[in-house]
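Here is a short tour to read with the viewer open beside you. Take your time and turn the model as you go.

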Amino acid sequence: MEIEKKYLVKQLPENLAQYEKWEIEQCYLCADPVVRLRKKNDEYILTYKSRNFLDKAILSEKMCVAEEVELPLTKEAYEHLKKKADGNSICKTRYLIPYKEKKIELDVFHGGREGFYLAEIEFDSVEEGKKFSPPSWFGEDVSGDYHYTNSYLSLH
């Protein structure tokens with residue numbers, strides 16, 4: 001299960017080059033449930049995400065919670081399936097930034113979304129997510145707002 005919070009970013013942290021990063025291209029075969037294709041550096045992944053099983057109490061929390069399954073793909077399978085994707089591919093650099101005992105995943109978008117930044121942080125439980133205190137460079141908490149899901153962004 002994936003439990004995360006998502007934030008807009010007011011200001012990029014200093015010295016981004018010091019952090020591990022991934023170059024990501026992703027596109028979507030379906031938005032609900034999410035069926036995503038992702039190229040992460042030289043790794044190819046098919047992801048299925050569903051919120052259908054969730055209790056309504058969890059869905060009412062300002063939290064992104066989903067059942068998530070990832071499967072490896074070959075480059076050939078990725079390229080084949082990519083032709084069937086809806087919307088536009090999303091290209092971004094994801095920086096992995098240590099923060100307390102967690103890792104912030106900072107997405108710096110490219111192409112038509114240049115200058116757009118989102119930060120995500122995953123938790124072991126909804127309760128842990130509720131207690132999270134973000135760093136000062138985080139902006140508005142957009143967890144649970146579908147307008148900030150990558151599947152929505154790829155279609156709009």
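In which strand is the place of Trp 22? Trp 22 sits in strand β2. Before going further, please keep in mind that this is a predicted model.

Is Trp 22 buried or exposed? Its relative accessibility is 17%, and because buried means under 20%, Trp 22 counts as buried. Setting aside neighbours within four places in sequence, Trp 22 is in contact with Lys 40, Asn 41, Lys 92, Thr 93, Arg 94 and Leu 96. Asn 41 lies 19 residues away along the chain, yet the C-alpha atoms of Trp 22 and Asn 41 are separated by 5.8 Å.

**Strand β2 and its partners**

Strand β2 covers residues 20–31 and pairs with strand β6, residues 86–99, in the antiparallel sense over 8 bridges. To find a place where they meet, look at Tyr 28, whose bridge partner in β6 is Asp 86. Strand β2 is also joined by 7 bridges to strand β3 (residues 34–40), and these two run antiparallel. Here Ala 31 has Val 34 of β3 as its bridge partner.

How many residues lie between β2 and β3 in their hairpin? There are 2 residues between them. Pro 33 lies in this loop, and a cis peptide bond, with omega of about 0°, joins Asp 32 and Pro 33.

**Thr 47 in strand β4**

Now find strand β4, residues 43–50, where Thr 47 is located. With a relative accessible area of 0%, Thr 47 is buried. Apart from neighbours within four places in sequence, Thr 47 is in contact with Val 34, Val 35 and Arg 36, as well as Glu 68, Val 69 and Glu 70.

**The nonpolar cores**

The largest nonpolar core has 19 residues, and those with the most contacts inside it are Ile 97, Ile 104, Leu 106, Ala 119, Phe 132, Trp 137 and Phe 138. At least two residues of this core come from each of β1 (2–9), β6, β7 (102–109) and β8 (117–122). A second, separate core has 6 residues, among them Ile 90, Phe 109, Val 142 and Leu 153.

Leaving out neighbours within four places in sequence, Ile 104 is in contact with Tyr 95, Leu 96, Ile 97, Tyr 99, Ala 119, Glu 120, Ile 121, Pro 135, Trp 137 and Phe 138.

**The largest pocket**

Where is empty space left? Rolling a probe the size of a water molecule over the atoms shows this. In this model, the largest pocket holds about 750 Å³ of space. Of the 41 residues that line the largest pocket, Glu 2, Glu 4, Lys 49, Arg 51 and Thr 149 are the closest to its centre. How many residues of the lining are nonpolar, polar and charged? The lining of the largest pocket divides into 17 nonpolar, 6 polar and 18 charged residues.

Technical notes. Residues numbered from 1 in each chain as written. Predicted model: local features only at pLDDT ≥ 70, side-chain atom pairs only at ≥ 80, totals over all residues. Heavy atoms only, no water. Helix = DSSP H or I, 4+ residues; strand = E, 2+ residues; numbered from the N terminus. Buried < 20%, exposed > 50% of the residue type's maximum accessible area, 1.4 Å probe, protein only. Contact = heavy atoms within 4.5 Å. 1 Å grid on protein atoms, 1.4 Å probe; cavity = no way out; pocket = protein on both sides within 12 Å on 5 of 7 lines; lining within 4 Å. Points joined across faces, edges and corners; volume = space filled by probe spheres on them. Nonpolar A, V, L, I, M, F, W, Y, C, P; charged D, E, K, R; others polar. Pairing = 2+ DSSP bridges. Core = buried A, V, L, I, M, F, W, Y, C linked by side-chain atoms within 4.5 Å.
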